[in-house]
Amino acid sequence: MNKIPFSPPLINEDIENQVLDSLRSGWITSGPKVQRLENDIKKYLNVENCICVNSWTSGAMVVLKWFGIGPGDEVIIPAYTYAATALAAMNLGATVVMVDVDDNCLMDVNKLAAAITPKTKAIMPVDIAGLPVNYQKIKAVVDANSQEFTASSKAQQLFNRPLIIADAAHSFGAKNNGKLGNHDADITIYSFHAVKNLTTAEGGAICFNESLFSEPIDRQIRLHCLNGQTKDAMSKTNSGNWKYDIVLQGLKANMPDICAAIGIEQLKIYNKTLERRKEVFQQYFDFFSKCDWATPPASVVDHLESSYHLYMLRIKNATEEERDAIMTKVIANGVSVNVHFTPLPLLTFFKESGYSIEHYPNAHANFLNEISLPIYPQLTDEDVDQVCATIAAAVKEVLNLD
Ligand SMILES: Cc1ncc(COP(=O)(O)O)c(C=O)c1O
């Protein structure tokens, strides 16, 4: 019986060599490798703009700050997500308004209109597990409910409505009408954290919807990533070029070259990575769709296809205690599993901040019987069979099924 970890990073010799190249080059922070990764991502996703950052969280803070969001403003997010989605806004002093989710754990578009107020400055849905939100539907609701929006920054004047930001931490490689890259949100922010489909150890990328963004906006956002400083460390080291200015109150969010080195090589093999993730997802689907106690997750909804980041299985009618007991047995048998996510209103900080789970019944129900299974390219078909058999045995034992 193999021990199966939950989500180990995919590291090969090319990645090691690319990192060594950075370490030995005399330049380890933002420089040529970040530039190359940005260009490679633009080509891969077929997008016009890409700014690499040191995490999704700091990328989101940069975007919200650039848009002029702060105390007194509201940012709408789903209740079912990782805490960073909320904290990026709360750390700028904004108020987070949570919306319940649908059966796919995505922000419920039908409940969005009621959450929009004259104070709403951004909507940040989450592409949970890699399944993209339908941002066209989100935009239609935002357009129909933002008559009272008042622009209070130059960036807000460009839109005259709340900004639509995709929390695409999970969805690098998801497809919209068969095409890579999310072209429907105003801004899409990816995470390249160690457990993500494509990793730079820690990192992320901000990509713009090309119909809305221009060079000056790219420059402004880059300033916000670098303490508002007009020259980065690399251009300052060129002789005679030491003078710089600080032109706004920026954050510090730039990606170092050592991290970009990992991403450059990961991206080269990303099509294969994605293909294998899809095969693993399909193998799970073939097994769990035949189990009447299981609700397998969707990978395609309308014109949108997942990046196969997480496999969020639901065990029908299991209570939270039964789900936990199933997980304990599965882990004891060598298979690492996880839960994505504990809805934010169940976590101490958010409870103490006034959020209550009773307002988010779907988020609560989805969480109670959810188990995330290992899904990554290094898994063999035999590993996946082992995961399926281990889950089935534990479910039957705990739920007393034949
Ligand atoms: C949905 C979601 N949003 C945001 C983040 C934060 O990403 P990062 O760790 O790159 O800041 C995560 C990380 O796990 C996430 O799952």
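Two strands pair if DSSP finds at least two bridges between them; helices (H or I, at least four residues) and strands (E, at least two) are DSSP runs, numbered from the N terminus. The model is predicted: local features need pLDDT of at least 70, side-chain atom pairs count only at pLDDT 80 or more, and totals for chains, interfaces and linings use all residues. Residues are numbered from 1 along each chain as its sequence is written.

**Exercise 1. Determine which strands pair with β13 and how far β13 is buried.**

Step 1. Strand β10 (residues 294–295) is joined to β13 by two bridges, and the two run antiparallel. Within β13, Arg 314 stands opposite Thr 295.

Step 2. Strand β14 (residues 370–373) pairs with β13 over four bridges, in the antiparallel sense. Here Ser 372 of β14 is the bridge partner of Met 312.

Step 3. A residue is buried if 20 or more other C-beta atoms lie within 10 Å of its own, exposed if 12 or fewer, and partly exposed in between, with C-beta atoms placed from the backbone. By this criterion five of the five residues of β13 (residues 311–315) are buried, so the strand is largely enclosed by the rest of the structure.

Step 4. In a regular strand the side chains alternate between the two faces of the sheet. On one side of β13 are Tyr 311, Leu 313 and Ile 315, and on the other Met 312 and Arg 314; both faces are covered.

**Exercise 2. Describe the seven-stranded sheet and the place of β8 in it.**

Step 1. The sheet is open, its pairing is mixed, and its order is β1-β9-β8-β5-β4-β2-β3. Its edge strands, β1 and β3 (95–99), each pair on one side only. Neighbouring strands are turned by 25° against each other on average, direction ignored; the axes are lines fitted to C-alpha atoms, for helices over the stretch in contact, and angles run from 0 to 180 degrees between N-to-C directions.

Step 2. Strand β5 (residues 163–168) runs parallel to β8 (residues 187–191), and four bridges join them. Ile 165 has Ile 187 of β8 as its bridge partner, and Asp 167 has Ile 189.

Step 3. With strand β9 (residues 204–208), β8 pairs in the antiparallel sense over five bridges. The partner of Tyr 190 in β9 is Ala 205.

Step 4. Five of the five residues of β8 are buried. Ile 187, Ile 189 and Ser 191 point one way, while Thr 188 and Tyr 190 point the other way.

**Exercise 3. Identify the edges of the four-stranded sheet.**

Step 1. This open sheet has the order β7-β6-β12-β11, with antiparallel pairing.

Step 2. The edges are β7 (179–180) and β11 (300–301); each has a single partner strand, so one side of each is left without a neighbour in the sheet.

Step 3. Inside the order, β6 (residues 175–176) and β12 (residues 304–305) are joined by two bridges and run antiparallel. Lys 175 has Glu 305 of β12 as its bridge partner.

**Exercise 4. Compare the span of helix α9 with the expected value, and state what covers the helix.**

Step 1. The expected span of a helix is 1.5 Å times one less than its number of residues. Helix α9 (residues 257–268) has 12 residues and reaches 17 Å from its first C-alpha to its last, close to the 16 Å expected.

Step 2. Of the 12 residues of α9, 11 are buried, so the helix is largely enclosed by the rest of the structure. Among them are Asp 257, Cys 259, Glu 265 and Leu 267.

Step 3. Two residues are in contact if their C-beta atoms, placed from the backbone, lie within 7 Å. What covers the buried residues of α9 includes α1 (13–25), α2 (32–45), β1 (51–53) and α10 (270–288).

**Exercise 5. Characterise the surroundings of Leu 223.**

Step 1. Leu 223 lies in helix α7 (residues 215–224).

Step 2. Leu 223 counts as partly exposed because it has 18 C-beta neighbours inside 10 Å.

Step 3. Apart from neighbours within four places in sequence, Leu 223 is in contact with Gly 228, Val 247, Leu 248 and Gly 250. The C-alpha atoms of Leu 223 and Leu 251, 28 residues apart along the chain, are separated by 8.5 Å.
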